[in-house]
Amino acid sequence: MLSKPWTLLCVPILAVFMVSVGAQSLSESPCYLTLKEHRSDQLLAQWKMPDGPVRFSVEFIHSVLNTPVQDIYEMRAHHGQWRAHLVQEVFQGQGYGLPYAATDSSETMIRDGETWRLTLDRVIDPFIQLPLPSQKITLVWGDSRVRLGDLSDRSVRITLQGCPTPEAASN
């Protein structure tokens, strides 16, 4: 059995520890990449994202050329909300819906064998994908992959939820 002086010392230390742990878990809320059905707002899936910039790609088969396309996105804070920025397109061939040149001085387009790479910074907001079965649209981040058509046959909105927006980045 603890003596009274020991108890008097431990209770305040335990209380400070519990308050600091509670405050830390509130300030470090988990950041989720969230997929919802666009019209109904039904949650389809969500994954906890690691600390740091959230980058992912959307890979699909071009509907006309039947060639692979990879669109690379980065989520960035803007006025307290997260928005998707298309930062690179990687594709083969040229055709309907694919870029044929860089459109302004901030963009670059280079040829790498059979592949074209367009580096750009285009805001996509809201970020919505229609998972057409023939396009095999796949969301890829790190070692994880999910085919959007396995989640829904309707438009899917991709967002970040619970992620704090840094004050400096939100201006």
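Modeller: Let us begin with pockets. On a 1 Å grid over the protein atoms alone, a cavity is a set of points where a 1.4 Å probe fits but cannot get out, whereas a pocket is an open set with protein on both sides within 12 Å along at least five of seven lines; a lining residue has an atom within 4 Å of a point. Grid points are joined across faces, edges and corners, and the volume is the space filled by probe spheres set on the points. This is a predicted model, in which local features need pLDDT of at least 70 and side-chain atom pairs count only at pLDDT 80 or more, while totals for chains, interfaces and linings use all residues. Residues are numbered from 1 along each chain as its sequence is written, and side-chain values use heavy atoms, with hydrogens and water left out.

Biologist: What volume does the second largest pocket have, and which residues are the closest to its centre?

Modeller: The second largest pocket has a volume of about 330 Å³. It is lined by 17 residues, of which C31, P50, D51, G52 and P164 are the closest to the centre.

Biologist: How much space lies in the largest pocket?

Modeller: The largest pocket holds about 400 Å³ of space. Of its 22 lining residues, F60, D71, E89, G97 and Q129 are the closest to the centre. The lining comprises 14 nonpolar, five polar and three charged residues.

Biologist: Which strand gives the largest share of that lining?

Modeller: Helices (H or I, at least four residues) and strands (E, at least two) are DSSP runs, numbered from the N terminus. Strand 4 gives the largest share, three residues. Strands that supply at least two residues each include strand 3 (54–61), strand 5 (81–92) and strand 7 (115–124).

Biologist: In what order do the strands of the seven-stranded sheet lie?

Modeller: Two strands pair if DSSP finds at least two bridges between them. The open sheet of seven strands has the order 6-7-5-4-3-9-10, with antiparallel pairing. Strand 6 (108–112) and strand 10 (144–147) are at the edges with a single partner strand each, so one side of each has no neighbour in the sheet. From one strand to the next, the twist averages 25°; for such angles, axes are lines fitted to C-alpha atoms, for helices over the stretch in contact, and angles run from 0 to 180 degrees between N-to-C directions.

Biologist: How many bridges join strand 5 to strand 7?

Modeller: Eight bridges join these antiparallel strands, and L86 stands opposite R122 in strand 7. Strand 6 and strand 7 are also antiparallel, paired over five bridges, with I110 facing its bridge partner R117. Their hairpin has two residues between the strands, and there G113 takes a positive phi near 65°. Strand 9 and strand 10 run antiparallel and are joined by four bridges; T138 has R147 in strand 10 as its bridge partner.

Biologist: Which strands are the edge strands of the four-stranded sheet?

Modeller: That open sheet has the order 2-1-11-8, with antiparallel pairing. Strand 2 and strand 8 are the edge strands, each pairing on one side only. Strand 1 (residues 32–37) pairs with strand 2 over five bridges in the antiparallel sense, and L35 has A45 as its bridge partner there.

Biologist: How many aromatic pairs are counted?

Modeller: Rings of Phe, Tyr and Trp (its six-membered ring) pair if their centres lie within 6.5 Å; planes under 30 degrees apart count as stacked, over 60 as edge-to-face and the rest as tilted. The count comes to four aromatic pairs. W47 and W141 form a tilted pair, 4.7 Å centre to centre with 50° between the planes. This pair links strand 2 (residues 43–48) with strand 9 (residues 138–141), and its members are 94 residues apart.

Biologist: Is W141 buried or exposed?

Modeller: Buried means under 20% relative accessible area, exposed over 50%, and partly exposed in between (1.4 Å probe, protein chains only). W141 is buried, with a relative accessible area of 10%, while W47, at 23%, counts as partly exposed. Another pair is tilted because the rings of Y73 and F127 have centres 4.4 Å apart and planes at 40°. Y73 lies in strand 4 and F127 in the loop between strand 7 and strand 8, so the pair ties together parts that are 54 residues apart in sequence.

Definitions and conventions
Ala, Val, Leu, Ile, Met, Phe, Trp, Tyr, Cys and Pro count as nonpolar, Asp, Glu, Lys and Arg as charged, and the others, Gly among them, as polar.
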